[in-house]
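Here's a quick briefing to read alongside the model. Keep the viewer open as you go through the points.

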Amino acid sequence: MTSRPVADLIAAARPGGLGAFNVITIEHAEAIAAAAEAANRPVLLQLSENTVRYHGNLSPIALACASIAADSSADIAVHLDHATSFELIRTAVDLGIRSVMYDGSTLDYAENVAATADIVRWCHDRDVFVEAELGEVGGKDGAHAPGVRTDPDEAVEFVAATGVDALAVAVGSSHAMQTRTAELDSDLIARLATKVPVPLVLHGSSGVPDAGLRAAVEHGMTKINIATRLNVVATEAIRTALADSPTIADPRKYLQPARDAIRSEVEHLLRVLAR
């Protein structure tokens with residue numbers, strides 16, 4: 001299994017942002033790849049620790065994503081998202097994944113720095129791109145709890161101490177939002193982009209409206225993570241399909257509309273991020 005270097009995809013996405021979309025099922029990955037082809041934009045297929053737990057193993061879904069990426073005409077890489085253990089990161093790297101996120105946001109600052117730095121050293125020895133999350137910036141619920149913000153000076157210190165390649169920052173978004181009502185702090189994004197020497201990552205982007213996503217990219221956000229929004233449109237499509245045909249037993253009859261809905265939404269979002 002091989003994966004395009006994420007640094008190359010970030011460069012290919014500029015001056016826009018790199019769309020990073022979470023995969024739960026093969027239909028997600030197929031839809032995201034098809035949307036990337038239609039929009040002529042690079043994308044990341046992201047696999048979270050929660051998704052690995054759901055499948056019981058990283059290998060099947062990771063290998064499926066790698067195959068879909070390899071067969072696509074779009075520039076696609078596979079990324080491990082929100083990994084909290086070295087064991088899972090090692091498994092991903094052994095499978096050929098060349099981009100991982102270590103999430104130490106539940107640790108205190110010193111522990112997060114130490115753990116992240118150890119993982120960065122190990123990953124860099126294997127030419128693996130590492131994203132991290134600063135975490136505990138003013139809140140016990142982690143970096144992306146409502147009301148939490150990243151301090152630019154602490155972010156600079158964290159990057160220098162750990163050597164990470166990208167940093168997830170808290171600027172007003174929250175994970176798992178089903179409504180697109182989040183208001184980002186554009187001034188803070190701009191200050192972070194000026195000070196922090198690595199690409200910035202926006203988590204919780206599903207809750208951000210189109211105008212907010214455009215503004216985030218314009219002010220310096222590089223990688224835009226989207227997960228919940230895809231699940232919302234997929235579930236809506238499934239509900240409609242089952243309501244219209246209550247006797248459906250073949251899952252393809254409702255998974256195809258779900259896949260189509262994801263593709264349409266991803267294509268739209270990619271065009272938004274292209275600026």
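Asn 57 caps the N-terminal end of helix 4, with a side-chain oxygen 2.9 Å from the backbone nitrogen of Ser 59. That counts as a polar contact, meaning N or O atoms within 3.5 Å; within protein, one must be able to donate a hydrogen and the other to accept it, and residues adjacent in sequence count only if both atoms are side-chain atoms. Helices (H or I, at least four residues) and strands (E, at least two) are DSSP runs, numbered from the N terminus.

This is a predicted model, where local features need pLDDT of at least 70 and side-chain atom pairs count only at pLDDT 80 or more, while totals for chains, interfaces and linings use all residues. Residues are numbered from 1 along each chain as its sequence is written, and side-chain values use heavy atoms, with hydrogens and water left out.

**Helix 4**
- Helix 4 takes in residues 58-71, and its 14 residues should span 20 Å at 1.5 Å a residue; the end C-alpha atoms are 20 Å apart, which agrees. The expected span is 1.5 Å times one less than the number of residues.
- Its buried residues are Leu 58, Ile 61, Ala 62, Ala 64, Cys 65, Ala 66, Ile 68 and Ala 69. Buried means under 20% relative accessible area, exposed over 50%, and partly exposed in between (1.4 Å probe, protein chains only).
- What do those buried residues of helix 4 pack against? They pack against helix 2 (26-39), strand 2 (43-48), helix 3 (49-55), strand 3 (76-83) and helix 5, with contact meaning heavy atoms within 4.5 Å.

**Nonpolar cores**
- The largest nonpolar core has 75 residues, and Phe 21, Ile 32, Ile 89, Val 100, Val 171 and Met 221 touch the most other members. Helix 11 (residues 252-273) supplies the largest share of this core, eight residues.
- A core here is a set of buried Ala, Val, Leu, Ile, Met, Phe, Trp, Tyr and Cys residues joined through side-chain atoms within 4.5 Å.
- Leaving out residues up to four places away in sequence, Ile 32 touches Phe 21, Asn 22, Val 23, Val 43, Leu 45, Leu 230, Ile 262 and Val 266.
- There's also a second, separate core of 13 residues, which includes Leu 9, Ile 10, Ala 20 and Ala 166.

**Aromatic pairs**
- A search of the whole structure turns up two aromatic pairs. Rings of Phe, Tyr and Trp (its six-membered ring) pair if their centres lie within 6.5 Å; planes under 30 degrees apart are stacked, over 60 edge-to-face and the rest tilted.
- One of them is Phe 86 with Trp 122, edge-to-face at 5.0 Å centre to centre and 85 degrees between the planes. Phe 86 is in helix 5 (residues 86-95) and Trp 122 in helix 6 (residues 109-124), so the pair ties together parts 36 residues apart in sequence.
- Phe 86 is partly exposed at 28% relative accessible area, while Trp 122 counts as buried at 18%.

**Salt bridges**
- The structure holds eight salt bridges, each a side-chain nitrogen of Lys or Arg within 4 Å of a carboxyl oxygen of Asp or Glu.
- Asp 153 pairs with Lys 195, the closest N and O atoms being 2.6 Å apart. Asp 153 lies in helix 7 and Lys 195 in helix 8 (residues 186-195), so this bridge ties together parts 42 residues apart in sequence.
- Arg 53 bridges to Glu 49 at 3.3 Å between the closest N and O atoms. Arg 53 is exposed at 53%, whereas Glu 49 is buried at 15%.
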